[in-house]
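Please look over the model below before reading my notes. Keep it open while you go through the points.

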Amino acid sequence: MRRSRYFLPTLRENPAEAQIVSHRLMLRAGMIRQSSAGIYSWLPLGHRVLRKIEQVVREEMDAAGCQEILMPAIQPAELWEESGRYHDYGKEMLRITDRHERPMLFGPTHEEVVTDIFRNSVRSYRDLPQNLYQIQWKFRDELRPRFGIMRGREFYMKDNYSFDLDHAGAVRSYNKMFVAYLRTFARLGLTSIPMQAESGAIGGDYSHEFIVLADTGESAVYCDRAWLDTDPLALGIDYEADLQPVVDEWTRLYAATDDKHDPAACPVPEDALYQGRGIEVGHIFYFGTKYSKAMGATVNDPDGAEVAVEMGSYGIGVSRLAGAIIEASHDEAGIIWPEVAAPFGVGLINLRAGDAACDQACEALYERLVESGVEVLYDDRDERAGVKFAEMELIGLPWQVAIGPRGVKAGTAELKARAGGEAEALSFESVAARLIEG
Ligand code: 5CA
């Protein structure tokens, strides 16, 4: 992509409305713009990041044996009357009336819709287990939307729903999701801590929140200090194996959210207890037959008896993750994207656009990289070098390549990693090879 053609409305000044660094940087880097309170547009740079994160989440859900679907955003109120949540859910639910005066709502979550799909389609235990997921915009009329996309009213969520014949099967499904979540966040470069949590409006009595520690996080959390030295989960996992030992290992050390933490019952002595803040990037729930009983989602078991299916639901805040990654990875100059979420892998800077030799060297490298599948943002504008470097630092692409008149004479380009280290002068050939091989 040529910067001269790219829609990238960056801001020099810090926007007054942004209280935390990720919100500030997302606005400054031209990733998002607010439309109304807690509702945002994702501009090209931000949209690329959202798609990258979404793809990692999708790959990990697929690897864990889940199947992607897409349910409607607008739901009939009737289903929520059946589950008993229509009145309980309160003002967070955006209620709509259609032209026939039928009460509808914009989905804050999809337990009811998926239970309805299930009960209309599945009759036998032979069709279990199932785990269906979608990636979709949700709406919750939050009382205090804040921190940009961190707590939005409209936000992008990945939500899974599992169906099992019995408790043992439901625990297996829960454990798969537990491990898939550790893997997903690790791939995104984040260390997440699974914490005992309250299940709130979703219900059930077994639940974990996946928390990324950050001083700007909205959740108050308590955990064993040993968590602070824990590395993300190593990636190799066999989903057909018994995952209980993995889950046990990752729940061995104490970790609980504010709602669940009871100082009187806390097993960790005070000097070993870390009290801090974190960002909730995922939340998983086992709620058994709460919805299946209320809505008549049953199957015939091997003895021919009709039993309500055991269910769980599992959410990841896909849009929130963009903010969480920035909170975890930035410096004074801007964002530092991990490769996996970066909007482009490489920023190519032409230090003297208009100079025939510079233009030619940049064009040749640009084309070579693009042909090899490298995603490049090529700053071909007639701007001062300082302006271009500052913008590249702000938008945080993992690699910067700068080509100027001196380099062209010497046959070299300057290669620098955004994450740190000195710029290296390398031949055009070596730069291309390094970036193409990754
Ligand atoms: N039905 C369940 C699981 S699918 C559910 O809705 N869980 S949730 O309420 O915990 O939401 C799942 C995830 O969505 C949260 O862990 C969080 O990362 C994200 N999320 C929730 N509310 C917001 C919000 N207002 N803005 C941005 N992300 C949010």
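The numbered points below go from the whole chain to single residues.

1. **Ground rules.** This is a predicted model, in which local features need pLDDT of at least 70, side-chain atom pairs count only at pLDDT 80 or more, and totals for chains, interfaces and linings use all residues. Residues are numbered from 1 along each chain as its sequence is written, and side-chain values use heavy atoms, with hydrogens and water left out.

2. **Overall build.** The protein chain has 13 helices and 23 strands. These are DSSP runs, numbered from the N terminus: helices are H or I with at least four residues, strands are E with at least two. The radius of gyration is 24 Å, close to the 22 Å from the globule rule for 438 residues, so the chain is as compact as a globular protein of that length. That radius is taken over C-alpha atoms, and the rule is 2.2 Å times the number of residues to the power 0.38. The C-alpha trace spans about 80 × 60 × 45 Å along its principal axes.

3. **Inside and contacts.** Buried residues make up 53% of the 438 residues. Buried means under 20% relative accessible area, exposed over 50%, and partly exposed in between (1.4 Å probe, protein chains only). Contact means heavy atoms within 4.5 Å. Of the contacts with a separation of 6 or more, 71% are between residues 24 or more positions apart.

4. **The cores.** A nonpolar core is a set of buried Ala, Val, Leu, Ile, Met, Phe, Trp, Tyr and Cys residues joined through side-chain atoms within 4.5 Å. The largest has 80 residues. Met31, Ile53, Met61, Tyr181, Leu321 and Trp337 have the most contacts inside this core. Its largest share, 9 residues, comes from helix α6 (residues 167-187). A second, separate core of 25 residues includes Leu79, Phe118, Met295 and Ala297.

5. **Met61.** Which residues does Met61 contact, leaving aside its neighbours within four places in sequence? Among them are Cys66, Tyr133, Met177, Tyr181 and Ile316.

6. **Helix α9.** This helix covers residues 318-328. Of its 11 residues, 10 are buried, so α9 is largely enclosed by the rest of the structure. The buried residues include Arg320, Leu321 and Glu327.

7. **Thr257.** Thr257 is in strand β12 (residues 255-257). Thr257 is buried, with a relative accessible area of 3%. Not counting residues up to four places away in sequence, Thr257 touches Met195, Gln196, Ala197, Glu198, Glu209, Ile211, Ala220 and Val221.

8. Leu128 lies in the loop between α5 (111-121) and β7 (130-139). At 13% relative accessibility, Leu128 counts as buried. Leu128 and Asp164 are 36 residues apart in sequence, yet 5.7 Å apart in space, C-alpha to C-alpha. Beyond four places in sequence, the residues touching Leu128 include Phe118, Phe163 and Val309. Check the next bond too: the peptide bond from Leu128 to Pro129 is cis, with omega near 0 degrees. Most peptide bonds are trans.

9. **Two positive phi values.** Most residues other than glycine have a negative phi. Glu101 has phi near 65 degrees, and Phe147 has about 60 degrees. Glu101 lies in the loop between β5 (94-97) and β6 (103-106). Phe147 lies in the loop between β7 and β8 (154-164). Are they buried or exposed? Glu101 counts as exposed, at 63% relative accessibility, whereas Phe147 counts as buried, at 13%.
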